Amino acid sequence: ATRVMCLVGLTLFGLSSHASNLPPTISSGTYMSVNDTIPQEGTSVDVDAMLSDAAASNIPAAVLVTSRLTFLGKLSIMLPNSEAWAVHGIPLRVLIQDGLSGTTLPTTYIVITGVLGRGSNITIRGGAYSFTDSFIMFPSGMNLEDASIFSVEGGMYIGHYPTGGLHTDLVTNNGSIALATGSTFEIVNNAMVMSDMDVEGIWHCTTLNAGLFPISINAASVFSISNNNVTASKLTVERELYWCTICASSNLTVSAASILSITNNTAVVSNMNVGTDWEWYTLYTGPTSRVHVGTNSSISISSNTVLISDLTVGNSWHRFEVFFSAPIKANLSSYITIMNNSATLAFINVGNAWDWSMISLASSLELQASSTLSSSNNILAVSNADVGASWSLYDLKQIASSILLSHFSTIDVSNNAIGVINATVGNSWYSSSFYANQQSMTMSNSSSLSVSNNYMAVVSVTVGASWNWFTVFIQTSNNFHLEHSALLIKGNTMSIDDVTFGLGLYWHIFSLVPSLTATNSVVSVDYNNMSASVVTMDWMLSWYIVNSQSTISAPHSAVSISNNNMGGSNMSMESCYWYISTVTLPSQAVQDSNAMSTCYNYVTGNLCTAQSCGNTMFNEGAVWDCVDGPRSTTAPTTTTTPNTTASTTTTTTPTTTASTTTTTSPSTTASTTTTTTPNTTASTTTTTTPTTTASTTTTTSPSTTAST
């Protein structure tokens with residue numbers, strides 16, 4: 001295979017003269033090295049012997065410091081077990097600074113085994129390295145005892161695509177990673193560059209490949225991958241490309257006032273061509289794992305920036321800020337926040353399907369005891385995009401299993417913004433601020449779901465089939481239950497201008513399948529605005545403020561459907577269906593100042609101006625055209641809600657078994673999501689909803705095969 005590079009760092013350091021080779025084994029309590037070389041045979045650091053020697057010499061810590069160390073072979077740091085640390089009673093200090101690659105490249109540069117003892121630290125700082133499989137390897141995992149630190153900072157890591165291989169990992173793990181009281185694991189202030197390369201085959205580039213093993217962050221510990229920069233230009237990958245900041249296929253636990261943080265990272269991509277699929281995850285967990293966040297702890301994915309121009313993906317592109325295949329449980333004032341992230345994309349060509357989600361959940365979600373899941377203040381801007389098949393945009397998407405909120409817990413999707421200009425979508429477009437298609441959804445004990453102040457603007461777009469836009473879509477096998485809780489859908493804004501649809505446009509502020517029961521609760525669908533101008537479609541427009549397949553029951557609850565606006569001008573279509581609600585709302589529901597108006601020409605198909613038709617407030621449920629007036633002045637007697645077999649998404653989970661053999665494709669566990677698209681055969685007595693052609697996309701999640 002062609003050799004390619006995965007580069008991390010800011011500047012290249014020139015090779016310098018070297019005094020001597022390091023010995024085969026380092027065992028003295030203090031060892032200092034400048035301009036030395038690790039021979040091809042490698043050097044082992046016997047930390048147990050270093051600690052013993054330092055303690056015997058009354059030195060307060062064992063110390064290994066190197067500067068401008070040239071690697072021809074690997075450096076093996078052999079840490080003792082917990083019992084040995086307790087016997088020696090002193091910490092270890094390791095600093096590897098400004099290292100260099102030699103004329104031959106070790107497969108792995110630094111191998112670390114054992115336990116990093118109380119108060120110890122290992123720091124790899126700066127340097128410029130070329131490597132093939134992994135820069136750092138944990139063959140048996142990495143356990144950090146109290147107040148210990150492992151740090152990779154400010155370096156440049158040049159990785160050649162392994163011959164017959166698959167992975168280029170900055171850190172490869174083959175055992176559990178555990179952080180004890182007050183410890184820190186960090187990969188920070190690095191820059192990653194990939195340019196002028198042609199990759200023959202599949203390529204996985206991962207910052208941390210955790211493999212099949214758990215990550216446990218406990219007791220005021222911090223796990224951080226932050227302030228790193230990735231730049232990719234003039235890069236061709238002839239088959240699949242997988243990018244992952246953290247890929248984990250076993251349990252992920254963050255508890256006891258601890259933090260998992262992926263923040264302030266930047267990716268800049270230009271002139272890149274991916275032959276088949278591109279899978280890109282900031283945080284990925286596999287389907288056989290569980291995610292638990294508890295006791296004042298948090299997972300934070302924030303302030304990351306993506307800039308992409310001139311990108312071609314031959315088949316499908318799937319970009320997830322967070323993808324949880326596993327069940328998630330958060331309690332005791334814990335937080336999962338995805339916020340202040342931004343992406344600016346221009347000149348994008350995707351041959352098949354494109355799926356972009358801030359949060360994607362493929363299993364159950366349980367929030368308890370004042371916990372929060374939040375997607376907020378994120379920005380996506382897209383210009384000059386061509387999508388061959390379907391395009392999906394979600395702030396939060398959950399498929400399969402269930403959602404349970406209780407005891408002051410919150411899901412918050414707010415203040416997100418999406419802008420699209422000059423785009424073509426070959427088939428259907430699906431978008432939603434909150435999309436949940438599962439077995440059940442229950443909220444109780446002062447919990448809340450808030451979808452508020454989100455904004456989407458679309459200008460100069462052509463969609464081959466239909467666009468299905470649901471501010472909130474909830475489908476359950478059982479009814480959606482609220483008890484002493486709040487459902488708030490407020491202040492969301494959607495506008496489109498100069499848009500053409502091959503079939504229709506289906507806008508639902510709140511779409512529900514099958515029904516809602518709210519007891520002693522609050523349901524608010526207020527102050528939402530949808531506007532359209534210069535819009536042409538071959539079929540129909542469907543505007544619903546509330547769309548339910550069955551009943552909405554709200555005993556002892558406050559219900560408000562007020563101050564919503566759906567307005568259009570210069571529109572052309574065959575027919576129009578719209579409702580404040582497709583079902584009878586509870587008697588106490590407040591319905592004030594809702595406005596629905598449109599203007600279109602049914603007979604001629606020409607755009608209709610405000611002067612020739614006017615923005616008229618139509619009777620609810622009527623079917624209208626500009627020339628002939630209403631074809632039905634009464635609401636249809638039957639309303640069929642969107643067909644829920646319209647879109648299928650298959651998620652393929654990674655192979656995570658440690659292996660040294662070539663992996664051609666990950667093993668798969670399929671998950672299915674259903675996206676509803678209304679069908680529309682106009683009738684004076686019946687409103688049916690059109691069966692939309694099923695759109696199928698396959699998401700292949702990254703292989704996390706660990707190199708040995």
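The structure holds one disulfide, a term used here for a pair of cysteine sulfur atoms within 2.5 Å, and in this predicted model that disulfide joins cysteine 244 to cysteine 247, with 2.1 Å from S to S. For anyone new to the word, a disulfide is a covalent bond between the sulfur atoms of two cysteines. The link of cysteine 244 and cysteine 247 is right-handed, with 110 degrees about the S-S bond.

A word on how to read these values. Residues are numbered from 1 along each chain as its sequence is written, and side-chain values use heavy atoms, with hydrogens and water left out. As this is a predicted model, local features need pLDDT of at least 70 and side-chain atom pairs count only at pLDDT 80 or more, while totals for chains, interfaces and linings use all residues.

Are cysteine 244 and cysteine 247 buried or exposed? Both are buried, where buried means under 20% relative accessible area, exposed means over 50%, and partly exposed lies in between, with a 1.4 Å probe and protein chains only. Cysteine 205 also counts as buried, because its relative accessibility is 6%.

Let me turn to the strands, which are DSSP runs of E with at least two residues, numbered from the N terminus. Strand β29, residues 259–263, is mostly covered, since four of its five residues are buried. Strands pair if DSSP finds at least two bridges between them, and five bridges join β29 to strand β25, residues 222–226, the two running parallel. In that pairing, valine 222 stands opposite isoleucine 259 of β29. Five bridges also join β29 to strand β33, residues 298–302, again in parallel, and here serine 261 stands opposite serine 300 in β33.

Next comes the nonpolar core, meaning a set of buried Ala, Val, Leu, Ile, Met, Phe, Trp, Tyr and Cys residues joined through side-chain atoms within 4.5 Å. The largest one has 173 residues, and of these Trp317 and Phe434 touch the most other members. A second, separate core of eight residues includes Phe320 and Phe323, together with Cys244 and Cys247, the two cysteines that the disulfide joins.

Finally, how many cavities of 30 Å³ or more does a search of the whole structure find? The search finds six, a cavity being a set of points, on a 1 Å grid over the protein atoms alone, where a 1.4 Å probe fits but cannot get out. The largest cavity holds about 380 Å³ of space, and among the 29 residues that line it, the closest to its centre are Met192, Thr207, Val230, Thr245 and Trp280; lining residues have an atom within 4 Å of a point. Grid points are joined across faces, edges and corners, and a volume is the space filled by probe spheres set on the points.

Methods. On a 1 Å grid over the protein atoms alone, a cavity is a set of points where a 1.4 Å probe fits but cannot get out, and a pocket is an open set with protein on both sides within 12 Å along at least five of seven lines; lining residues have an atom within 4 Å of a point.
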